[in-house]
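Try each task before you look at its solution.

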Amino acid sequence: MAVCLNRVKLLKTWYQLVVDNFLAVVAAASITAVLRSAWPISHGDLVVWLRDQQPVHVVAAVVLTAVVVKLRRMRWRRDVYLVEYGCFRPRPCFRAPFATCQEHLRLMPYLIDEESKTFGLRLLERSGLGDETSVPEAYHYVPPDSSLKASREETELVIFSAVDDVFAKTAVRPAFIDVVIVNCSIFTPTPVFVDMVVNRYKLRADVKTVNLSGMGCSAGLVSVGLAKNLLQVAPPGTHVLTVSTEILSSQYYVGTERAMLLPNCIFRMGAAALILSNTPEHARFRLRHVVRTLTAALDSGYRCVFQEEDDRGITGVRLSKDITTTAGHALKSNVAAIGPLVLPASEQLQVALSLLKRRLLGRAKVRFYRPDFRTAFEHFCIHAGGRGVIDQIQHGLGLSDEDVEASRMTLHRFGNTSSSSVVYELAYVEAKGRMRKGDRVWMIAFGSGFKCNSVAWECVRPAANAAVNGPWADCIHRYPV
């Protein structure tokens, strides 16, 4: 049995090498043959012809060629790079171990029936969260403090900590920032988050600012996509600072609707800051692709994550019981869009043959070939939305436990930190020392709407000291668990 498996693996390896390189070799040979047979004059004849031309004509031809090349390059879209990233690392005083959550559930005055308390405890037990996840100071009160002051204090703590971290790791100074993008879904004060950042770091008066809200846990990748679009048309040397967070203090649900209690149990405090640029100087990752999928045209997708009032007029976020199914459908559409961009020719050929067989022989007789995305990526950062979400994506993409380790460990250590979770997962991979130059990373995130967004990165320069300088610095030695 082992010999057969080794032979299958060997055959698959040879197949990938032949197919992935066959087209390039054939194309190069064909172009060479065509040029050699079609070229009308020899090298010596070309030299004689050039000598017979007027110098002014030769100079004009060279200048015209240079101008055409320059115009062509100006129309090319510039590469976008991730210069550095930083994350908020909560202090131990913000910890919310299971025993504390259990005690608070039993003391909450609005959970008057034992059934609701049991439901909340069952959610916590099955959530995949560990005892070191953190909640804002407002959550440590009974009942929680949902005041505007508490929300502002949490905002300043998590956002400024993440931005301080990213500036401490790079030579890019606040004065170099040209654009600021901040995303947070529910809490949006006045002045908004970008104004807080500009005021705190005394950014230039001509800095451009964008504040995104209501886009859920996928908003961090939406910010990356927006930064990409801006950088590709901006002058060389432009820097964009993006900050992703979710402020919890103002959104604690104090009702008894089960579908609205889930966010209380799985969401935890966190924030991530990224500096992107359109020049490779000091870059750590190159942005390869951004693919966004939106299913808001379908009522099931639109109402999957929905902020509303319950029967008693208490505001909360309702998570549909079909959220994993909806996420699965959105993921299929997103995979269909990003697959042709990243998969090698060997995998795309098998997918094409599978589709052809299904068309000729019928869908029921031929099983659709599921492409192996491990041939396109070395690392996977799947949004840590919950144990069920990670399980669904792992099964749908055919990933191993090692492939989703970063997602599960991030969920265990930090909980669902919303739009910043994929950056914590990237930090986990680097803290483990697994990132190599040239490695490809796939970030996948889901959000209200319903959205599924993907970002593909290529490592240019791994972190030198990620194990001692990042959100995992004090605990990476204990993981995986």
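Two strands pair if DSSP finds at least two bridges between them. Keep that rule at hand. The model shown is predicted.

**Exercise 1. The chain as a whole**

Task: State how many helices and strands the chain has, and what share of its residues is buried.

Solution: 
- Step 1. The secondary structure comes to 15 helices and 11 strands.
- Step 2. The chain has 481 residues, and 48% of them count as buried.
- Step 3. Now look at contacts between residues at least 6 apart in sequence. Of these, 80% join residues at least 24 apart.

**Exercise 2. Strand β5 and its partners**

Task: Find which strands are joined to β5 by bridges, and decide whether the residues of β5 are buried or exposed.

Solution: 
- Step 1. Locate β5 at residues 271–277.
- Step 2. Strand β1, residues 80–87, is joined to β5 by six bridges. The two strands run antiparallel. Y81 has S277 as its bridge partner in β5.
- Step 3. Strand β4, residues 239–245, is joined to β5 by seven bridges. This pair is also antiparallel. Here T242 has L274 as its bridge partner in β5.
- Step 4. In a regular strand the side chains alternate between the two faces of the sheet.
- Step 5. In β5, A271, A273, I275 and S277 point one way. A272, L274 and L276 point the other way. All are buried.
- Step 6. Seven of the seven residues of β5 are buried, so the strand is largely enclosed by the rest of the structure.

**Exercise 3. Two packed helices**

Task: Describe how α6 packs against α7, residues 193–201.

Solution: 
- Step 1. Two packed helices are described by the angle between their axes and the distance between the axes.
- Step 2. For α6 and α7 the angle is about 55°, and the axes are 11 Å apart.
- Step 3. That angle makes α6 oblique to α7.
- Step 4. The crossing is right-handed.
- Step 5. Residues of α6 in the contact include R152, F160 and F167. Those of α7 include F193, M196 and Y201.

Technical notes: Residues are numbered from 1 along each chain as its sequence is written. This is a predicted model: local features need pLDDT of at least 70, side-chain atom pairs count only at pLDDT 80 or more; totals for chains, interfaces and linings use all residues. Side-chain values use heavy atoms; hydrogens and water are left out. Buried means under 20% relative accessible area, exposed over 50%, partly exposed in between (1.4 Å probe, protein chains only). Helices (H or I, at least four residues) and strands (E, at least two) are DSSP runs, numbered from the N terminus. Axes are lines fitted to C-alpha atoms, for helices over the stretch in contact, and angles run from 0 to 180 degrees between N-to-C directions. Angles under 35 degrees count as roughly parallel, over 145 as roughly antiparallel, 65 to 115 as roughly perpendicular and the rest as oblique. A crossing is left-handed if the near helix is turned anticlockwise from the far one by less than a right angle, and right-handed if clockwise. Contact means heavy atoms within 4.5 Å.
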